[in-house]
Amino acid sequence: MPKLTPDKREEVIRRRGNISDGDGKKHPITNLEIHHKDRNTDNNAPKNLRVLTKNEHQVLHGKGRTKR
Ligand SMILES: [Zn+2]
């Protein structure tokens, strides 16, 4: 499958009502990102995608203190 285009990305987020899977709350679309559960960005199956805020996404990838 092709990588998510900006259009597709937005579509996925909108379809989930701009709700982050991280905190279950609604956020502006500009603050939301798509995470691929299996870390394979070519796998855009709905169950592989999580909607997260930018901050939640960074934490998940360990861009803070710890590596993951
Ligand atoms: Zn990710």
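This is a short chat about a predicted model of one protein chain.

Me: Which ground rules apply to the numbering and the model?
Reply: Residues are numbered from 1 along each chain as its sequence is written. The model is predicted, so local features need pLDDT of at least 70 and side-chain atom pairs count only at pLDDT 80 or more, while totals for chains, interfaces and linings use all residues.

Me: How many helices and strands are in the protein chain?
Reply: Two helices and two strands. Helices (H or I, at least four residues) and strands (E, at least two) are DSSP runs, numbered from the N terminus.

Me: What pattern do they follow along the sequence?
Reply: The pattern is α-β-β-α.

Me: What percentage of the residues count as buried?
Reply: Of 68 residues, 7%. A residue is buried if 20 or more other C-beta atoms lie within 10 Å of its own, exposed if 12 or fewer, and partly exposed in between; C-beta atoms are placed from the backbone.

Me: And how many buried residues are in H1?
Reply: Zero among its ten residues, 6-15. Helix H1 is hardly covered.

Me: What follows H1?
Reply: Gly17, with a positive phi near 70°.

Me: What about Asn18, where is that?
Reply: In the loop between H1 and S1. Asn18 also has a positive phi, about 60°, although it is not a glycine. Most residues other than glycine have a negative phi.

Me: Is Asn18 buried, exposed or partly exposed?
Reply: Partly exposed, because 15 other C-beta atoms lie within 10 Å.

Me: Which residue other than glycine has a positive phi near 65°?
Reply: Arg39. Arg39 sits in the loop between S1 and strand S2, residues 49-53. Arg39 counts as exposed because it has 9 C-beta neighbours inside 10 Å.

Me: Switching to Ile19. What does it touch?
Reply: Gly24, Lys25, Lys26 and Val51, not counting residues up to four places away in sequence. Contact means that the two C-beta atoms, placed from the backbone, lie within 7 Å. Ile19 lies in the loop between H1 and strand S1, residues 32-36.

Me: Why is Ile19 called partly exposed?
Reply: Because 14 other C-beta atoms lie within 10 Å of Ile19.

Me: Now Leu4. Where does it lie?
Reply: In the segment before H1. Leu4 is partly exposed, because 17 other C-beta atoms lie within 10 Å.

Me: Which residues is Leu4 in contact with?
Reply: Arg9, Ile34 and Asn44, leaving aside neighbours within four places in sequence. Leu4 and Asp42 are 7.8 Å apart, C-alpha to C-alpha, and 38 residues apart in sequence.

Me: What share of contacts comes from residues 24 or more positions apart?
Reply: 42% of the contacts with a separation of 6 or more in the protein chain.
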